[in-house]
Amino acid sequence: MPSAKEISALYHEDLDHFTPYIEQLPVHHEYFRKKMEEICQQGTLLDIGCAMGVLLEEAKKKGMKATGIDLSKDAIKYCRKHGLTAFHGTLNSRPGLERGGFDVVTAFQVIEHERDPLKMMGRVYSLLKKGGMVVLATPNYGGFWRKLMGRRWFGFAHPEHVVLLDFNSMRLLLEKAGFRDIEIRADTPRPFPLSFAFTRAGDYFLWAAWLLKPIGKLLDRFNIINPINPWDDMIAFARK
């Protein structure tokens, strides 16, 4: 397990790092709009790893009081520039987060970066009101694509991914942290164009890039949405 200092060194502190995400904002808005429909709750929300604040915006549209937290100072500047409430730091380093102060806590693509996921979930538990909901999305180590792709699986592509979970270990983690009413399932794919799937596949399968990337460029001409979840994400819902 790398040290916290080694993991921190992997993160970029420049807005250019977020350029691909910003270019795909409509895709992320559509995804998080649907996630808010699934959450279907009012009150206060804390989004851990809020990035460009897309979930915060969609939560505000639903009438929620939404707060974000992120390790990236540039992400926080971006959020504040767009009128969102967001703070720099982590759950453990950020003072002033009220115990029992949130109806919903979300963490999309975050827990795989945590050296101590149980400690993180204990902190999340303390921040939730009684009956409050936690929502986690993360790559599924037990999924089809990991078994098919082996060492080239997307979940392994980022060195800052230090903990990988499957359905069973996710359930065990949530139970140990004290959560109940746990539901874990495959997540719905983000509505990227089908061309994007071929372009990304060319990045991972270099031996086939000569074929995959031209197919991606060809598909750019058509408005076809990728129907599958090649990132193998799973999503978990649980209550305090």
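## Gln109

Gln109 counts as partly exposed, at 24% relative accessibility. The classes are set as follows: buried is under 20% relative accessible area, exposed is over 50%, and partly exposed lies in between, with a 1.4 Å probe and protein chains only. Gln109 sits in the loop between E4 and H6. Its phi is near 60°, a positive value in a residue other than glycine.

This is a predicted model: local features need pLDDT of at least 70, side-chain atom pairs count only at pLDDT 80 or more, and totals for chains, interfaces and linings use all residues. Residues are numbered from 1 along each chain as its sequence is written, and side-chain values use heavy atoms, leaving out hydrogens and water.

## Asp181

Asp181 also has a positive phi, near 50°, and is likewise not glycine. Asp181 belongs to strand E6. Element names follow DSSP runs, numbered from the N terminus: helices are H or I with at least four residues, strands are E with at least two. With a relative accessible area of 52%, Asp181 is exposed.

## The largest core

The largest nonpolar core holds 31 residues. A nonpolar core here is a set of buried Ala, Val, Leu, Ile, Met, Phe, Trp, Tyr and Cys residues, joined through side-chain atoms within 4.5 Å. Ile48, Met121, Val124 and Leu174 have the most contacts inside this core. Seven elements are listed as supplying at least two residues each: strands E1 (44–48), E4 (102–108), E5 (128–139), E6 (180–186) and E7 (233–239), plus helices H6 (117–127) and H8 (167–176). H6 gives the largest share, four residues.

Which residues does Ile48 touch? Leaving aside residues up to four places away in sequence, the partners are Ile69, Leu91, Val105, Thr106, Ala107, Phe108, Val110, Met120 and Val124. Contact means heavy atoms within 4.5 Å.

A second, separate core has 28 residues. Tyr31, Ala86, Phe108 and Val135 are among them.

Ile39 lies in helix H3 (residues 25–39). Ile39 counts as buried, at 3% relative accessibility. Residues up to four places away in sequence aside, Ile39 touches Val104, Thr106, Met133, Val135 and Phe237. The C-alpha atoms of Ile39 and Met121 are separated by 18 Å, and the two residues are 82 apart along the chain.

## H6 against H8

The axes of H6 and H8 come within 9 Å and cross at roughly 50°. That makes H6 oblique to H8. Axes are lines fitted to C-alpha atoms, for helices over the stretch in contact, and angles run from 0 to 180 degrees between N-to-C directions. Angles under 35 degrees count as roughly parallel, over 145 as roughly antiparallel, 65 to 115 as roughly perpendicular, and the rest as oblique. The crossing of H6 and H8 is right-handed: the near helix is turned clockwise from the far one by less than a right angle.

Pro117, Leu118 and Met121 of H6 meet Leu173, Leu174 and Lys176 of H8. By class, the contact has five nonpolar, no polar and one charged residues. Ala, Val, Leu, Ile, Met, Phe, Trp, Tyr, Cys and Pro count as nonpolar; Asp, Glu, Lys and Arg as charged; the others, including Gly, as polar.

## Leu173

Leu173 lies in H8. Is Leu173 buried or exposed? Leu173 is buried, with a relative accessible area of 8%. Not counting residues up to four places away in sequence, Leu173 touches Ile111, Pro117, Leu118, Met121 and Leu165.
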